[in-house]
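Dear colleague,

Please find below the structure that I am handing over to you, together with its sequence. My notes on what was found follow it.

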Amino acid sequence: MPPFKPTKAMSQAAQQALDWRAELPPSRRGMTARGLGMARLIARGGPMRLADVRAVYEYFPRHEVDREAVGYRRGELGYPSKGRQAWQAWGGDTARAWARGILERYDEAYIARSDARARRKDRAQ
């Protein structure tokens, strides 16, 4: 299986998150250690393993709620929020479709399991 290369848009989004993090005071910095590592990997253009692609695919559904928080959109108080920083760190909006496309080609069963988990979680709420 080949190593996977993030798109230019993903790399730019991740670099944006790293730049924000460098400029903001510690109390406003977003990203977990895992997110910071992923931002660095994506910003430099990979290479990424299939496990990394799976992690990107799983990140976005869990953090969709971050898009509704104050500070997610430019011009809002607190922009960029910690959630916005993290979203960009994982490759931004284009990363979700990128990861899904790779998984559809290399690991369709994984998508089915992941989607089933998400549906069960939605029903439980």
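Please bear in mind that the model is predicted.

Trp-90 deserves a separate look. Leaving out residues up to four places away in sequence, Trp-90 touches Arg-34, Gly-35, Met-38, Ile-42, Ala-55, Val-56, Tyr-59, Phe-60 and Ala-95.

Helix H4 spans residues 82–89 and is mostly covered, with 7 of its 8 residues buried. The buried residues are Gly-83, Arg-84, Gln-85, Ala-86, Trp-87, Gln-88 and Ala-89. Their cover includes helix H1 (8–23), helix H2 (33–43), helix H3 (50–62) and helix H5 (93–106). Just after H4, Gly-91 adopts a positive phi of about 110°.

Gln-88 lies in helix H4. Why is Gln-88 classed as buried? Gln-88 counts as buried because its relative accessible area is 10%, and the term applies to values under 20%. When neighbours within four places in sequence are set aside, Gln-88 is in contact with Ala-13, Ala-14, Gln-16, Ala-17 and Trp-20.

Yours sincerely,
A colleague

Notes. Residues are numbered from 1 along each chain as its sequence is written. This is a predicted model: local features need pLDDT of at least 70, side-chain atom pairs count only at pLDDT 80 or more; totals for chains, interfaces and linings use all residues. Side-chain values use heavy atoms; hydrogens and water are left out. Buried means under 20% relative accessible area, exposed over 50%, partly exposed in between (1.4 Å probe, protein chains only). Helices (H or I, at least four residues) and strands (E, at least two) are DSSP runs, numbered from the N terminus. Contact means heavy atoms within 4.5 Å.
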